[in-house]
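Let's work through a few exercises together, with the model open beside you. Try each task on your own before reading the solution.

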Amino acid sequence: MLPKRSRLSKQTIEKQLIRARRIKTSRFLVMYDKKVGVNAPQVSFSVSKKVANTAVLRNRLRRRGYSAVEALIPDLSPSSLILVSYLTPDTQTPIKDLTLEIKGIFEKAGLLR
């Protein structure tokens, strides 16, 4: 799990990511923006009740997402604000594959240094 300072707050999501840029894949919807004055990247994961009915499954997906993106945090640009939403409840894909997919999305968005 990422430390709290590396995750987005609800207020930041509501204010900053309303008009954020988006990239959609078969598994994720990534909303991202850059904010001046932020000295560390912030990443959060969300899972809708429409995607996963039970809280246990939603929490498992969020934890897997945080584990996948943890290795990418040092490579992200410091002013990045990123919200990743799951579109499918896939718990069978290995974490390494999730990391590669998320890294590809971040490269496409220009969020890596």
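A salt bridge is a side-chain nitrogen of Lys or Arg within 4 Å of a carboxyl oxygen of Asp or Glu. This is a predicted model, in which local features need pLDDT of at least 70 and side-chain atom pairs count only at pLDDT 80 or more, while totals for chains, interfaces and linings use all residues. Residues are numbered from 1 along each chain as its sequence is written, and side-chain values use heavy atoms, with hydrogens and water left out.

**Exercise 1. Find the salt bridges and work out which residues they join.**

Step 1. Start with the count: the structure holds two salt bridges.

Step 2. Look at Asp-90 and Arg-27, whose side chains meet at 3.3 Å, N to O. Asp-90 sits in the loop between β4 and α3, and Arg-27 in the loop between β1 (21-24) and β2, 63 residues apart. Helices (H or I, at least four residues) and strands (E, at least two) are DSSP runs, numbered from the N terminus.

Step 3. Now take Arg-27 with Glu-101, another salt bridge at 3.3 Å, N to O. Here the partners are 74 residues apart, with Glu-101 in helix α3.

Step 4. Check the burial of Arg-27: its relative accessibility is 17%, so Arg-27 counts as buried. Buried means under 20% relative accessible area, exposed over 50%, and partly exposed in between (1.4 Å probe, protein chains only). Asp-90 is buried too.

**Exercise 2. Classify the ring pair of Phe-45 and Tyr-66.**

Step 1. Recall the rule: rings of Phe, Tyr and Trp (its six-membered ring) pair if their centres lie within 6.5 Å; planes under 30 degrees apart count as stacked, over 60 as edge-to-face and the rest as tilted.

Step 2. The structure holds three aromatic pairs. In the pair of Phe-45 and Tyr-66, the centres are 5.3 Å apart and the planes stand at 75°, so this pair is edge-to-face.

Step 3. Widen the view: ring pairs link Phe-28, Phe-45, Tyr-66 and Tyr-86 into a cluster.

**Exercise 3. Describe the largest nonpolar core.**

Step 1. Define it: a nonpolar core is a set of buried Ala, Val, Leu, Ile, Met, Phe, Trp, Tyr and Cys residues joined through side-chain atoms within 4.5 Å.

Step 2. The largest core has 27 residues, of which Ile-82 and Phe-106 touch the most other members. β2 (28-34), β3, α2, β4 (80-86) and α3 (95-109) each supply at least two residues. The largest share, five residues, comes from α3.

Step 3. Count contact as heavy atoms within 4.5 Å. Leaving out residues up to four places away in sequence, Ile-82 touches, among others, Val-30, Val-43, Leu-76 and Phe-106.

**Exercise 4. Decide whether Ser-77 and Arg-5 are buried or exposed.**

Step 1. Ser-77 lies in the loop between α2 and β4. With 11% relative accessibility, Ser-77 counts as buried.

Step 2. Arg-5, in the segment before α1, is exposed, with a relative accessible area of 65%.
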